[in-house]
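Please look over the sequence and the 3D structure before reading on. The report refers to both.

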Amino acid sequence: MDHIFSGVQPTGNLHIGNYLGAIRKFVDIQNRGNVAKAYYCVVDLHAITVWQDPKKLKKDILETTASFIAAGVDPKNNIIFNQSSVSAHAELAWILNCICRIGWLNRMTQFKEKAGKNKERASVGLYAYPILMASDILSYKSTLVPVGDDQKQHLELVRDVANKFNFDYGVNFFPEVKPLIIGDATRVMSLKNGNKKMSKSDESQYSRINLTDDKDDIRNKIKKAKTDSHNIMGLEALDDNGDFKAEVAIKRPEAANLINIFCELEKKSKKEILEIYAGKNFSNLKENLTDSLITNIVPIGNEMKRMIKDSLY
Ligand code: AQP
C-alpha cells in the first residue's frame, strides 16, 4: 500500500491549477482508499525561498490549510500539517544536501525560471528547493506523490537522491518514489497566455481563477479569457490516446487549455467534449465552462472563507 505525500506552498492566490493539478487528487486518493497513510503539508519552508511578509505568510498558511479541508480532504483520516512544525524536514534536508550533486541541481528548470536573469542574487534556498522537497517526501518514506506536471523534474531528482543514498551506504533505506501526474489538468495554463503556466505570482488577476473567486469574478475572467479566431476544433485534433495532437496544442494553446479545464472539471474525455462543441464558436463553451467553475469552485471558496473567519477552528 502506498504512503502518500504532497505539499502546497502558502503563497496566497491559490488557483484552479493548484486545485485540479494537486488538491483534488488528494480527495480522489482518499475516496479510492487503499493507501497506508497520506500526509498533506503546507510547505512554509519552501515559501520562504523567496521573501515573504511574515503577517501575510501566517494568513496564507491558514488559507492553504482551509483549501485542503474545504476541497474535501478529511483531517481525521489524513495528516494535514505545517512543514516548519516538524524539524525533521530541515534536518534530513541537510543530510540529502550532502548526497545530491551540484550538477543535478544545475539542470532544474524551475530554478532557472524562478531565479530569472539574475541567478547570482537568488537565495541558496531557492536553488536547494528540490532537496528540501526530497526531504519532505523521504522523511515519511512516501512512495506516491500527487502533483502537477511542473514538479516532474523535481520528483526525478528525489528518486536520484534516494537511490544514491541507498547505493552510497549499501542499504535499502529509502523506497522508490513515484509521481502521480494524471488527468487533463496537470498543467493548467494562464487564461491570458496559453504558453504560460497558471501561477499564483502572475501579476494579472485575469490570468487565473482563484479558489476564493465569486461568481462574478469567474464570469468576468472566463469572458475575458484569450481564445483564437477559429471555431472549436473537431475530433481530428486528437491523437490515438485522445489527447490533443502536438501541433494543435502548439498552434491553439488557449483553446486547448479551456477545453482541458472543462474536461477535468466535468470528468469527461476530450472526445466527449469535442463531440458537443466542434465547429461552434467559443461563447457557448465559455458559458458552460463558467457554470461548471461556479458549481465546482465557488462552494470550496465559500467554505474556505468561512473557516478562515473562524480562526479557532
Ligand atoms: N498551473 C498548474 N497546473 C496544474 N498544477 C499546478 N500546480 C501549480 N500550478 C499548477 C501544482 O499545485 C501544487 C502546489 O504548487 P505550489 O504552490 O507548491 O507551487 P507552484 O507549482 O510554484 O505554484 P504556482 O501557482 O506556480 O506558484 P508560484 O507563482 O509561486 O510559482 C503542486 O503539486 C503543483 O505541481
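## Basis of the report

The model is predicted: local features need pLDDT of at least 70, side-chain atom pairs count only at pLDDT 80 or more, and totals for chains, interfaces and linings use all residues. Residues are numbered from 1 along each chain as its sequence is written, and side-chain values use heavy atoms, with hydrogens and water left out.

## Around the ligand

A backbone N or O atom of Val188 is 2.8 Å from a nitrogen atom of the ligand, and one of Gly148 is 2.9 Å from an oxygen atom of the ligand. For Gly17, a polar backbone atom lies 3.1 Å from a ligand nitrogen atom. On its own the ligand has 650 Å² of accessible area, of which the protein covers 95%; accessible areas come from the Shrake-Rupley method with a 1.4 Å probe, and for residues only the protein chains shown count as cover.

Helices (H or I, at least four residues) and strands (E, at least two) are DSSP runs, numbered from the N terminus.

Gln9 lies in the loop between β1 and α1. Is Gln9 buried or exposed? Gln9 counts as buried because its relative accessibility is 14%; buried means under 20% relative accessible area, exposed over 50%, and partly exposed in between (1.4 Å probe, protein chains only). Leaving aside neighbours within four places in sequence, Gln9 is in contact (heavy atoms within 4.5 Å) with Val43, His46, Ala47, Thr64, Lys114, Tyr129 and Lys200.

Tyr19 is in helix α1. Tyr19 counts as buried because its relative accessibility is 5%. Not counting residues up to four places away in sequence, Tyr19 touches Arg24, Ala71, Leu211, Ile297 and Ile300.

Helix α11 (residues 253–266) has 14 residues, so at 1.5 Å a residue it should span 20 Å, and its end C-alpha atoms are 20 Å apart, which agrees. The expected span is 1.5 Å times one less than the number of residues. Of the 14 residues of α11, 13 are buried. Just after α11, Lys267 takes a positive phi of about 55°.

Ala256 is in α11 and is buried, with a relative accessible area of 5%. Apart from neighbours within four places in sequence, Ala256 is in contact with Met233 and Phe244. Ala256 and Asn118 are 138 residues apart along the chain, and their C-alpha atoms are separated by 33 Å.

## Ser292

Ser292 is found in helix α13 (residues 282–309). Ser292 is buried, with a relative accessible area of 3%. Phe262, Leu265 and Glu266 touch Ser292, not counting residues up to four places away in sequence. Between Tyr19 and Ser292 there are 14 Å, C-alpha to C-alpha, although the two are 273 residues apart in sequence.

Definitions and conventions:
A polar contact is a pair of N or O atoms within 3.5 Å; within protein, one must be able to donate a hydrogen and the other to accept it, and residues adjacent in sequence count only if both atoms are side-chain atoms.
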